[in-house]
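Trainee: I have a chain to look at and would like to learn how to read it, one feature at a time. Could you take me through it slowly?

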Amino acid sequence: MDFTGLSAFPLTPLVDERLDEAAYVRLIEKLRVAGVDSIGALGSTGCYPYFSRNERAAALRLATEHSGAVPVIAGIGALRTRDVLWLAEDAQKAGVSAVLLAPVSYHALTEDEVFGLYAAVTRELSVPLCVYDNPRATHFTFSDALLARIAQLPNVGSIKIPPIAALERIAALRAHIPAHITLGISGDAIAVDGLSVGCGIWYSVLGGLFPQAALAISRAAQAGDMAQARAHSDALAPLWDLFNRYGGSLRVIATAAELLGVVTAPCLPPPLQTLQGDARREVAGVIERLRLAAG
């Protein structure tokens with residue numbers, strides 16, 4: 001697959017502690033109809049570490065069955081390399097177009113250990129892999145040298161760069177990464193900045209619930225109209241502010257999905273919780289003010 005455009009990362013909603021298959025299918029189908037360029041199933045927004053192997057396999061089957069021609073990128077992160085390999089096998093059997101791998105750990109990993117993980121996984125793949133650099137969640141920070149080393153492995157197709165220091169890294173990384181590997185930006189609030197300096201794909205939490213709002217930004221950027229892309233992004237500043245104030249995007253987006261009736265509350269795997277009280281009312285107010293609609 002081509003790692004370009006907008007990759008939308010939906011929630012993996014629960015109902016009564018089980019995968020809410022009907023709600024999940026609705027989310028996937030809305031993304032297909034909206035025309036996103038790919039769907040990131042079981043990313044961080046999809047809470048992949050909280051699901052069993054069987055639950056993850058079931059979610060991926062639903063995603064590929066209902067995504068139509070839209071490629072599905074599957075999160076396969078896990079603590080043990082053995083489990084990552086099993087998850088990669090399940091994902092490929094489900095028919096995904098690519099996989100997404102973050103170095104999940106309890107004990108802090110060394111660079112050699114992380115390289116060994118990617119070397120073991122890429123050897124077994126028949127689909128491309130996106131390297132997921134997410135230090136906020138994994139507590140591991142990829143050096144540019146390590147990313148350049150991993151980029152030489154077979155089947156690596158993209159590198160998902162976090163918002164922290166992303167803009168300063170892109171030019172340096174591009175000089176050491178093969179041209180066929182796409183650099184991608186995460187962190188919705190700075191997506192336009194990343195797209196304007198060489199990122200070819202936006203891995204978007206916003207796009208997983210509000211694809212039209214994300215596509216307005218992405219399509220303007222792809223057309224080279226960065227002023228228009230930035231105007232669309234700036235209009236969403238109240239939402240970016242909520243992401244910053246409430247520990248990231250997950251709880252805000254999950255709360256928004258509950259408020260809009262897209263999923264049943266509570267939709268997150270415990271002990272995770274959506275926002276309540278004044279925070280929940282803030283999310284409702286921002287959705288109304290920005291006239292955000294799911295799908």
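Trainee: Leaving aside neighbours within four places in sequence, which residues is Thr-12 in contact with?

Mentor: Contact means that heavy atoms lie within 4.5 Å, and by that rule Thr-12 is in contact with Leu-19, Tyr-24, Leu-42, Thr-45, Gly-46, Phe-51, Ala-59 and Cys-267. Bear in mind that this is a predicted model, in which local features need pLDDT of at least 70 and side-chain atom pairs count only at pLDDT 80 or more, while totals for chains, interfaces and linings use all residues. Residues are numbered from 1 along each chain as its sequence is written, and side-chain values use heavy atoms, with hydrogens and water left out.

Trainee: Is Thr-12 buried or exposed?

Mentor: A residue is buried under 20% relative accessible area, exposed over 50% and partly exposed in between, using a 1.4 Å probe and protein chains only. Thr-12 has a relative accessible area of 4%, so it is buried, and its place is the loop between strand S1 (5-8) and strand S2 (14-15). Helices (H or I, at least four residues) and strands (E, at least two) are DSSP runs, numbered from the N terminus.

Trainee: Which backbone oxygen lies 2.9 Å from a polar atom of the Thr-12 side chain?

Mentor: That oxygen belongs to Gly-46, a residue that is also in the contact list of Thr-12.

Trainee: What should I look for in the backbone angles?

Mentor: Most residues other than glycine have a negative phi, and most peptide bonds are trans. Here Asp-16, although not a glycine, has a positive phi of about 55°, and Glu-17 has a positive phi near 70°. Asp-16 is in the loop between S2 and strand S3 (18-19), where Glu-17 is also found. Asp-16 counts as exposed because its relative accessibility is 71%, and Glu-17 counts as exposed at 54%.

Trainee: Which peptide bond is cis with omega near -5°?

Mentor: The bond from Ala-265 to Pro-266 is cis with that omega, and the bond from Pro-270 to Pro-271 is cis as well, with omega near 15°. Pro-266 sits in the loop between helix H13 (250-259) and helix H14 (277-290), and Pro-271 likewise lies in the loop between H13 and H14.

Trainee: How many helices and strands does the chain have?

Mentor: The secondary structure comes to 14 helices and 10 strands, and of the 295 residues, 56% count as buried.

Conventions:
Polar contact = N/O pair within 3.5 Å; in protein donor to acceptor, adjacent residues only side chain to side chain.
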